[in-house]
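Hi everyone, thanks for coming. Let's bring the model up on the screen and walk through a few parts of it together.

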Amino acid sequence: MKCIARLLLVLSLFCPMLAFAEPGLAAFRVENDPNGGQTYSVSIQVLAMMTAISFLPAALMMMTSFTRIAIVLAILRQALGTMQTPSNQILVGLSLMLTFFIMVPVFDEVYDTALTPYLNEKLPAQEAIARAAKPFRAFMIGQTRDADLETFAEIARAEKVESTEQVPFSLLLPAFVTSELKTAFQIGFLIMIPFLVIDLVVASLLMSMGMMMLSPMIISMPFKIMLFVLIDGWSLIMGTLASSFYV
(Lines give C-alpha, C1' and ligand atoms only; values in the text may rest on other atoms or scores of the structure.)
Protein backbone atom coordinates (compact mmCIF):
# COMPACT_ATOMS: atom_id res chain seq x y z
CA MET A 1 0.00 0.00 0.00
CA LYS A 2 2.90 2.37 0.73
CA CYS A 3 4.30 1.79 -2.75
CA ILE A 4 0.91 2.39 -4.38
CA ALA A 5 0.40 5.58 -2.39
CA ARG A 6 3.83 6.84 -3.42
CA LEU A 7 3.09 5.99 -7.06
CA LEU A 8 -0.14 8.03 -7.03
CA LEU A 9 1.59 10.97 -5.36
CA VAL A 10 4.57 10.81 -7.71
CA LEU A 11 2.50 10.68 -10.90
CA SER A 12 0.38 13.57 -9.72
CA LEU A 13 3.43 15.83 -10.03
CA PHE A 14 3.21 15.57 -13.82
CA CYS A 15 0.05 17.68 -13.86
CA PRO A 16 1.28 21.31 -13.65
CA MET A 17 -2.15 22.66 -12.76
CA LEU A 18 -2.37 20.27 -9.84
CA ALA A 19 1.12 21.24 -8.71
CA PHE A 20 0.20 24.92 -8.60
CA ALA A 21 -3.05 24.38 -6.71
CA GLU A 22 -3.31 25.25 -3.03
CA PRO A 23 -6.27 24.46 -0.76
CA GLY A 24 -8.59 26.82 1.01
CA LEU A 25 -9.46 29.34 -1.70
CA ALA A 26 -12.93 30.38 -2.83
CA ALA A 27 -14.39 28.77 -5.93
CA PHE A 28 -13.79 30.12 -9.46
CA ARG A 29 -10.93 32.42 -8.47
CA VAL A 30 -7.35 32.82 -9.67
CA GLU A 31 -5.03 34.95 -7.55
CA ASN A 32 -1.44 36.11 -7.97
CA ASP A 33 0.94 35.24 -5.16
CA PRO A 34 3.87 37.45 -4.01
CA ASN A 35 6.37 35.33 -5.98
CA GLY A 36 4.67 36.03 -9.30
CA GLY A 37 2.90 32.66 -9.58
CA GLN A 38 -0.80 31.88 -9.58
CA THR A 39 -3.04 29.90 -7.24
CA TYR A 40 -6.29 28.32 -8.34
CA SER A 41 -9.68 27.90 -6.71
CA VAL A 42 -11.07 24.68 -5.26
CA SER A 43 -13.17 23.94 -8.34
CA ILE A 44 -10.14 24.18 -10.61
CA GLN A 45 -8.18 22.01 -8.19
CA VAL A 46 -10.85 19.29 -8.36
CA LEU A 47 -10.87 19.45 -12.16
CA ALA A 48 -7.07 19.21 -12.25
CA MET A 49 -7.11 16.26 -9.82
CA MET A 50 -9.66 14.33 -11.91
CA THR A 51 -7.68 15.04 -15.07
CA ALA A 52 -4.45 13.81 -13.46
CA ILE A 53 -6.13 10.62 -12.21
CA SER A 54 -7.46 9.84 -15.70
CA PHE A 55 -3.88 9.82 -17.01
CA LEU A 56 -2.52 7.50 -14.30
CA PRO A 57 -3.28 4.19 -16.14
CA ALA A 58 -1.61 5.42 -19.33
CA ALA A 59 1.39 6.71 -17.39
CA LEU A 60 1.68 3.42 -15.50
CA MET A 61 1.71 1.39 -18.72
CA MET A 62 3.78 3.69 -20.93
CA MET A 63 6.42 5.02 -18.52
CA THR A 64 7.20 1.91 -16.46
CA SER A 65 8.13 -1.73 -16.97
CA PHE A 66 4.48 -2.83 -17.17
CA THR A 67 4.33 -3.16 -20.98
CA ARG A 68 7.22 -5.59 -21.28
CA ILE A 69 6.06 -7.76 -18.39
CA ALA A 70 2.44 -7.99 -19.55
CA ILE A 71 3.41 -8.96 -23.11
CA VAL A 72 5.90 -11.62 -22.00
CA LEU A 73 3.40 -13.22 -19.63
CA ALA A 74 0.74 -13.25 -22.36
CA ILE A 75 3.17 -14.94 -24.79
CA LEU A 76 4.09 -17.46 -22.08
CA ARG A 77 0.44 -18.41 -21.62
CA GLN A 78 0.07 -18.82 -25.38
CA ALA A 79 3.20 -20.99 -25.53
CA LEU A 80 1.91 -23.26 -22.77
CA GLY A 81 -1.37 -23.65 -24.65
CA THR A 82 -3.42 -23.31 -21.46
CA MET A 83 -6.00 -21.00 -23.10
CA GLN A 84 -7.28 -18.71 -20.31
CA THR A 85 -5.15 -20.09 -17.48
CA PRO A 86 -3.81 -17.99 -15.80
CA SER A 87 -6.68 -15.59 -16.39
CA ASN A 88 -6.24 -12.04 -17.66
CA GLN A 89 -6.86 -10.67 -14.16
CA ILE A 90 -4.07 -12.80 -12.72
CA LEU A 91 -1.64 -11.80 -15.48
CA VAL A 92 -2.41 -8.10 -14.97
CA GLY A 93 -2.01 -8.52 -11.20
CA LEU A 94 1.36 -10.25 -11.64
CA SER A 95 2.46 -7.54 -14.05
CA LEU A 96 1.48 -4.79 -11.60
CA MET A 97 3.21 -6.38 -8.62
CA LEU A 98 6.42 -7.00 -10.59
CA THR A 99 6.23 -3.46 -11.97
CA PHE A 100 6.07 -2.03 -8.44
CA PHE A 101 9.04 -4.21 -7.45
CA ILE A 102 11.12 -2.98 -10.40
CA MET A 103 10.10 0.67 -10.15
CA VAL A 104 10.51 1.07 -6.38
CA PRO A 105 13.96 2.75 -6.70
CA VAL A 106 12.52 5.27 -9.17
CA PHE A 107 9.45 5.98 -7.02
CA ASP A 108 11.58 6.35 -3.89
CA GLU A 109 13.94 8.78 -5.58
CA VAL A 110 11.06 10.92 -6.84
CA TYR A 111 9.40 10.80 -3.44
CA ASP A 112 12.56 11.81 -1.57
CA THR A 113 13.97 14.41 -3.97
CA ALA A 114 10.82 16.04 -5.37
CA LEU A 115 7.55 15.22 -3.66
CA THR A 116 8.59 15.45 -0.01
CA PRO A 117 10.36 18.84 -0.38
CA TYR A 118 7.39 20.16 -2.37
CA LEU A 119 4.85 19.06 0.25
CA ASN A 120 7.05 20.64 2.93
CA GLU A 121 7.00 23.88 0.88
CA LYS A 122 10.77 23.79 0.38
CA LEU A 123 10.55 23.62 -3.43
CA PRO A 124 8.47 25.52 -5.99
CA ALA A 125 6.22 23.50 -8.27
CA GLN A 126 8.36 23.94 -11.39
CA GLU A 127 11.52 22.62 -9.74
CA ALA A 128 9.61 19.74 -8.12
CA ILE A 129 8.28 18.66 -11.52
CA ALA A 130 11.77 18.89 -13.03
CA ARG A 131 13.24 16.78 -10.21
CA ALA A 132 10.42 14.23 -10.49
CA ALA A 133 11.04 13.82 -14.21
CA LYS A 134 14.77 13.03 -13.86
CA PRO A 135 14.46 9.49 -12.37
CA PHE A 136 11.81 8.54 -14.93
CA ARG A 137 13.92 9.96 -17.74
CA ALA A 138 16.99 8.02 -16.56
CA PHE A 139 14.99 4.78 -16.33
CA MET A 140 13.39 5.21 -19.75
CA ILE A 141 16.61 6.20 -21.52
CA GLY A 142 18.33 3.15 -20.03
CA GLN A 143 15.76 0.89 -21.73
CA THR A 144 15.46 2.80 -25.02
CA ARG A 145 17.40 1.91 -28.14
CA ASP A 146 19.29 4.68 -29.92
CA ALA A 147 17.82 3.54 -33.25
CA ASP A 148 14.29 4.10 -31.96
CA LEU A 149 15.18 7.58 -30.72
CA GLU A 150 16.71 8.44 -34.07
CA THR A 151 13.65 7.13 -35.91
CA PHE A 152 11.20 9.35 -34.04
CA ALA A 153 13.61 12.28 -34.17
CA GLU A 154 13.67 12.00 -37.96
CA ILE A 155 9.88 11.74 -38.13
CA ALA A 156 9.47 14.85 -35.95
CA ARG A 157 12.39 16.61 -37.69
CA ALA A 158 13.75 17.47 -34.28
CA GLU A 159 17.03 19.22 -33.78
CA LYS A 160 20.03 17.11 -32.86
CA VAL A 161 20.76 17.07 -29.13
CA GLU A 162 24.17 16.85 -27.52
CA SER A 163 23.21 14.40 -24.76
CA THR A 164 20.35 12.05 -23.86
CA GLU A 165 19.36 14.35 -20.98
CA GLN A 166 18.21 16.91 -23.55
CA VAL A 167 15.87 14.51 -25.36
CA PRO A 168 12.31 15.84 -24.97
CA PHE A 169 9.63 13.59 -23.52
CA SER A 170 7.66 13.90 -26.78
CA LEU A 171 10.41 11.83 -28.44
CA LEU A 172 11.42 9.71 -25.48
CA LEU A 173 7.95 8.31 -24.75
CA PRO A 174 7.24 6.71 -28.18
CA ALA A 175 10.84 5.54 -28.49
CA PHE A 176 10.68 3.92 -25.05
CA VAL A 177 7.39 2.14 -25.82
CA THR A 178 8.73 0.89 -29.17
CA SER A 179 11.88 -0.45 -27.52
CA GLU A 180 9.82 -2.17 -24.83
CA LEU A 181 7.69 -3.87 -27.49
CA LYS A 182 10.80 -5.11 -29.30
CA THR A 183 12.39 -6.41 -26.10
CA ALA A 184 9.17 -8.11 -24.99
CA PHE A 185 8.81 -9.99 -28.27
CA GLN A 186 12.47 -11.00 -28.23
CA ILE A 187 12.07 -12.50 -24.77
CA GLY A 188 8.78 -14.11 -25.83
CA PHE A 189 10.48 -15.70 -28.84
CA LEU A 190 13.13 -17.30 -26.65
CA ILE A 191 10.46 -18.56 -24.26
CA MET A 192 8.43 -20.18 -27.03
CA ILE A 193 11.30 -22.18 -28.58
CA PRO A 194 11.36 -25.15 -26.11
CA PHE A 195 7.55 -25.39 -26.13
CA LEU A 196 7.56 -25.31 -29.93
CA VAL A 197 10.03 -28.22 -29.98
CA ILE A 198 7.67 -30.25 -27.78
CA ASP A 199 4.77 -29.48 -30.13
CA LEU A 200 6.83 -30.58 -33.16
CA VAL A 201 7.91 -33.83 -31.49
CA VAL A 202 4.37 -34.70 -30.42
CA ALA A 203 2.96 -33.81 -33.85
CA SER A 204 5.60 -36.01 -35.56
CA LEU A 205 4.78 -38.96 -33.29
CA LEU A 206 1.06 -38.64 -33.93
CA MET A 207 1.65 -38.46 -37.69
CA SER A 208 3.87 -41.54 -37.61
CA MET A 209 1.18 -43.47 -35.72
CA GLY A 210 -1.52 -42.37 -38.13
CA MET A 211 -3.41 -40.41 -35.47
CA MET A 212 -3.90 -37.36 -37.64
CA MET A 213 -7.36 -36.57 -36.28
CA LEU A 214 -6.04 -36.07 -32.74
CA SER A 215 -4.93 -32.51 -31.94
CA PRO A 216 -1.22 -32.35 -31.01
CA MET A 217 -2.00 -29.46 -28.62
CA ILE A 218 -4.08 -31.74 -26.37
CA ILE A 219 -1.24 -34.25 -26.05
CA SER A 220 1.64 -31.80 -25.77
CA MET A 221 0.07 -29.50 -23.16
CA PRO A 222 0.66 -31.84 -20.16
CA PHE A 223 4.29 -32.31 -21.21
CA LYS A 224 4.81 -28.55 -21.54
CA ILE A 225 3.28 -27.92 -18.13
CA MET A 226 5.42 -30.67 -16.61
CA LEU A 227 8.58 -29.21 -18.17
CA PHE A 228 7.66 -25.71 -16.97
CA VAL A 229 7.09 -26.93 -13.41
CA LEU A 230 10.23 -29.07 -13.27
CA ILE A 231 12.51 -26.20 -14.27
CA ASP A 232 10.76 -23.84 -11.80
CA GLY A 233 9.54 -21.78 -14.72
CA TRP A 234 7.66 -19.06 -12.84
CA SER A 235 10.71 -18.19 -10.76
CA LEU A 236 12.90 -18.12 -13.88
CA ILE A 237 10.47 -15.95 -15.82
CA MET A 238 9.95 -13.45 -12.99
CA GLY A 239 13.67 -13.30 -12.20
CA THR A 240 14.60 -12.83 -15.85
CA LEU A 241 12.07 -10.06 -16.35
CA ALA A 242 13.19 -8.23 -13.21
CA SER A 243 16.89 -8.55 -14.01
CA SER A 244 16.39 -7.45 -17.63
CA PHE A 245 15.80 -3.88 -16.39
CA TYR A 246 19.06 -3.74 -14.42
CA VAL A 247 21.48 -5.00 -17.05
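So, let's start with helix H7, residues 146-156, and helix H8, residues 169-208: in this predicted model, their axes come within 8 Å of each other and cross at roughly 140 degrees. Because of that angle, H7 counts as oblique to H8. As for handedness, the H7 and H8 crossing is right-handed.

Which residues make the contact? On the H7 side you'll find Asp148, Leu149, Phe152, Ala153 and Ala156. H8 brings in Leu171, Leu172, Pro174, Ala175, Thr178, Ser179 and Lys182.

Now let me take you to Arg137, which sits in helix H6, residues 125-142. Is it buried or exposed? Arg137 has a relative accessibility of 16%, and the cut-off for buried is under 20%, so Arg137 counts as buried. Leaving aside residues up to four places away in sequence, Arg137 touches Thr164, Glu165, Gln166, Val167, Pro168, Phe169 and Leu172.

Last, a word on confidence. The chain's average pLDDT is 77, and 79% of the residues score at least 70. Of the chain's elements, helix H4, residues 66-80, has the highest mean pLDDT, at 90, while helix H2, residues 16-20, has the lowest, at 41. Over residues 15-28, pLDDT stays under 50, and there the model has 36 contacts beyond four places in sequence.

Thanks, and I'm happy to take questions!

Notes. Residues numbered from 1 in each chain as written. Predicted model: local features only at pLDDT ≥ 70, side-chain atom pairs only at ≥ 80, totals over all residues. Heavy atoms only, no water. Axes fitted to C-alpha atoms, helices over the stretch in contact; angles between N-to-C directions. Helix = DSSP H or I, 4+ residues; strand = E, 2+ residues; numbered from the N terminus. Parallel < 35°, antiparallel > 145°, perpendicular 65-115°, else oblique. Left-handed = near helix turned anticlockwise from the far one by under 90°. Contact = heavy atoms within 4.5 Å. pLDDT = per-residue confidence, 0-100. Buried < 20%, exposed > 50% of the residue type's maximum accessible area, 1.4 Å probe, protein only.
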